[in-house]
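User: I would like to learn how to read a structure like this one. Please take me through it feature by feature.

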Amino acid sequence: EETFSFKYSPGKLRGNQYKSMMTKEELEEEQRVQREQLAAIFRLMKEKSDTFGEMSEGDMKEQLRLYDI
């Protein structure tokens, strides 16, 4: 059996466990990238409402809660 020297193994830790392993700068960068990605996703969904359906502000808040935002 191989032993990996990774600090953590993706998919095995919960979000809060990752956060405790990050420096303040890493956490800020992760949050910035996450906000940009989610904004792009929501823009696309709004532009393609014929494909994705209409999304209310409440729907968006519900989705954001799933991402711990």
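User: Is Arg 32 buried, partly exposed or exposed?

Analyst: This is a predicted model, so keep that in mind throughout. Relative accessibility under 20% means buried, and over 50% means exposed. Arg 32 has 32% relative accessibility, so the residue counts as partly exposed.

User: Which residue does the side chain of Arg 32 meet in a salt bridge?

Analyst: Start with the general idea. Side chains of opposite charge can pair when their charged atoms come close. Here Arg 32 pairs with Glu 29, at 2.6 Å from N to O. Arg 32 also forms a salt bridge with Glu 36, where the closest N and O atoms are 2.5 Å apart. Shared partners join Glu 29, Arg 32 and Glu 36 into one network.

User: How many salt bridges does a search of the whole structure find?

Analyst: The search finds 2 salt bridges.

User: Where do these partners lie along the chain?

Analyst: Again, the general idea comes before the case. An α-helix has 3.6 residues a turn, so residues three or four places apart point the same way. Arg 32 and Glu 29 both lie in helix 2, 3 residues apart, which is about one turn. Glu 36 and Arg 32 are 4 residues apart in helix 2, so about one helical turn separates them.

User: Are Glu 29 and Glu 36 buried, partly exposed or exposed?

Analyst: Apply the cut-offs again. Glu 29 has a relative accessible area of 40%, so this residue is partly exposed. Glu 36 is at 46%, so Glu 36 counts as partly exposed too.

User: What about Glu 30?

Analyst: Glu 30 is found in helix 2. Its relative accessible area is 42%, so Glu 30 is partly exposed. For distances, read sequence and space separately. Glu 30 and Lys 19 are 11 residues apart in sequence, and their C-alpha atoms are 9.5 Å apart in space.

User: How far does helix 2 reach from its first C-alpha to its last?

Analyst: Compare the span with the expected value. Helix 2 has 24 residues and reaches 35 Å, close to the 34 Å expected at 1.5 Å a residue.

User: Which residues of helix 2 are buried, and what covers them?

Analyst: Leu 38, Phe 42 and Met 45 are the buried residues of helix 2. Their cover includes helix 3 (49–52) and helix 4 (57–66).

User: Now the whole protein. How many helices and strands are there?

Analyst: There are 4 helices and 0 strands. From the N terminus on, the elements run α-α-α-α. Buried residues make up 6% of the 69 residues. The protein exposes about 6,500 Å², and carbon and sulfur atoms supply 51% of that area.

User: Where is confidence lowest, and where is it highest?

Analyst: Confidence is lowest in helix 1 (residues 15–21), with a mean of 71, and highest in helix 2, at 88. The mean pLDDT of the protein is 76, and 71% of its residues reach 70 or more.

Conventions: Residues are numbered from 1 along each chain as its sequence is written. This is a predicted model: local features need pLDDT of at least 70, side-chain atom pairs count only at pLDDT 80 or more; totals for chains, interfaces and linings use all residues. Side-chain values use heavy atoms; hydrogens and water are left out. Helices (H or I, at least four residues) and strands (E, at least two) are DSSP runs, numbered from the N terminus. Buried means under 20% relative accessible area, exposed over 50%, partly exposed in between (1.4 Å probe, protein chains only). A salt bridge is a side-chain nitrogen of Lys or Arg within 4 Å of a carboxyl oxygen of Asp or Glu. Accessible areas come from the Shrake-Rupley method with a 1.4 Å probe; for residues, only the protein chains shown count as cover. pLDDT is the predictor's confidence in each residue, from 0 to 100. The expected span of a helix is 1.5 Å times one less than its number of residues. Contact means heavy atoms within 4.5 Å.
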